[in-house]
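Hi,

Here is the structure I promised to pass on. Have a look at it first, and then read my notes below.

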Amino acid sequence: MKLTVWTYEGPPHVGAMRVATGMKGLHYVLHAPQGDTYADLLFTMIERRVHRPPVTYTTFEGRDLGEDTAGIFKTTCQEAYDRYQPQALIVGASCTAELIQDDPGGLAETMGLPVPVIALELPSYQRKENFGSDETFYQIVRHLAQPMEKTPEVTANLIGPLALGFRHRDDIEEVKGLLYEMGIGINVVAPFEATPEDITKLGQAHVNVLMYPEHAETAARHLERVCGQPYTKTVPIGVGATHDFVAELAALAGVEPKTDLTRLRQPWWSKSVDSTYLTGKRVFLFGDATHVQAAARVARDEMGFEVVGLGCYNREFARPIRALARDFGLEALITDDYLDVEKAIEEAAPEMILGTQMERHIGKRLGIPCAVISAPVHVQDFPARYSPQMGWEGANVLFDTWIHPLVMGLEEHLLAMFREDFEFHDAAGPSHHGGHAPKPMAEAGGPAPQTPRSISEAKTGSEEAEIETGTDVMVWLTDAERELKKIPFFVRGKARRNTETFAAERGLSEISIDTLYEAKAHFAR
């Protein structure tokens, strides 16, 4: 473990909490000190859930460490059962409580509670959140699901969606629609909205649809081995992947592959005349392995982008991501350190980032547009509207989501180009306000309005900007600085760095407009 400002994954007990919060009739008793109760906010604030997570904490304090913390756990466990009357309990320890080695699982088993008690062994100092969700769901399935007679009609389980998942709620509905088109019924969706009683019925289905391998692949393999249920390997994100998913599922279920493409608009939208400027845009991908794999295919094959970098933060999927990167002629970035990701993005100088909430912040600092494709995400990525990533409608949503940053970037570039125009300068106010455009604050005695600027731009004085280059001072003359602003913001930083390198190699201390164009010609060879 290490101290960091941001993290892609929390400790494994947060993954267990995501499974418990996604389910109904299940309660999680977590042996944890008072400070480890922060995770509730993830669900009530970020996901906007109307109910608190079904978690009871022992919340022992420092003064309790010299006494009977095991007794505190047993009392808390009994009180949680008496109050909530769950169909099953899962018990475990947080990263802090793990150090005192009270063995919550063993303690709970001695209590004789009248419901299944499932002990979780989650190594907090070796593994992280996605391992916690995958292991927790596997243990629930292992304890509750048994082989049983299959349903008369062909049915499937949808496994993997859970609380705090990126668009999981809407992906479920989209995948259900794909199955209904082929005449395949839904047996159980789990863990999302499932009860422990539903988990006991998993064995009735003919096939499992593995929606998110990070959260349910171990359970899918267990069900294949114990209940004889094959599971899908293709995640239906993007047009091509959805076609492949339909064909794969039809073969596993023994039905005819059928598709209804009346809602699919993405292929024509990406070919339409107002989208041609997307072709060849350089993009950098980073996130969880499932969404990065899918996004890479969509970016290259369906949107015409050039993928200049990709990677994931969950090391359990490093091998397939490295194989994918080789197919793209790249070296995969496998890291959970956002500073490594920021450095790689800065070096690649892409025109757009497809990443997580953290890459969105990185993009803001570097002046690069970003679209979120993967958890971890913030509150704005849990929209009230229907916004799936999977299936035909998911393909439409991907197009809209990815094109928006580029369109806004184009508008920002045009605004920057016309910043000194008599009609569009900063002090003119919004043109659509007409005669009611606000006057500059300076006239009212306050500070003049400031325009947000790209981080790649230098601080500009009245006549010139000074840039530190090593131990020397590189001076940008006014005409060169003005010309630099005409370069699109998403490549302006690279143009500045190239020009300064060109000038430094020739011993120049001032950059004029001639130097800028000479550098452009030099690097264009």
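Let me start with a pair inside one helix: R496 and E500 sit 4 residues apart in helix α17 (residues 489-505), so about one helical turn separates them. They form a salt bridge, with 3.8 Å between the closest N and O atoms. By salt bridge I mean a side-chain nitrogen of Lys or Arg within 4 Å of a carboxyl oxygen of Asp or Glu. Both R496 and E500 are buried, where buried stands for under 20% relative accessible area, exposed for over 50%, and partly exposed for anything in between (1.4 Å probe, protein chains only).

Before going on, some housekeeping: this is a predicted model, in which local features need pLDDT of at least 70 and side-chain atom pairs count only at pLDDT 80 or more, while totals for chains, interfaces and linings use all residues. Residues are numbered from 1 along each chain as its sequence is written, and side-chain values use heavy atoms, with hydrogens and water left out.

Now the overall picture. The protein chain has 18 helices and 15 strands; these are DSSP runs numbered from the N terminus (helices are H or I with at least four residues, strands are E with at least two). Of its 525 residues, 54% are buried. If you take contacts (heavy atoms within 4.5 Å) between residues at least 6 apart in sequence, 71% of them join residues at least 24 apart. The accessible surface (Shrake-Rupley method, 1.4 Å probe; for residues, only the protein chains shown count as cover) is about 24500 Å², and carbon and sulfur atoms account for 53% of that.

Back to the salt bridges, of which the structure holds 20. One of them joins K281 to E351, with the closest N and O atoms 3.5 Å apart. K281 is in the loop between α10 (266-271) and β8 (282-287), and E351 is in the loop between α13 (338-348) and β11 (352-355), so this pair ties together parts that are 70 residues apart in sequence. Both of these residues, K281 and E351, are buried.

Another one pairs E342 with R365, at 2.4 Å between the closest N and O atoms. Here E342 belongs to helix α13 and R365 to helix α14 (residues 357-366), so the bridge ties together parts 23 residues apart in sequence. E342 is buried, at 15% relative accessible area, whereas R365 is partly exposed, at 28%.

Last item: E174, R263, R265 and E393 are linked in a network of salt bridges.

Cheers
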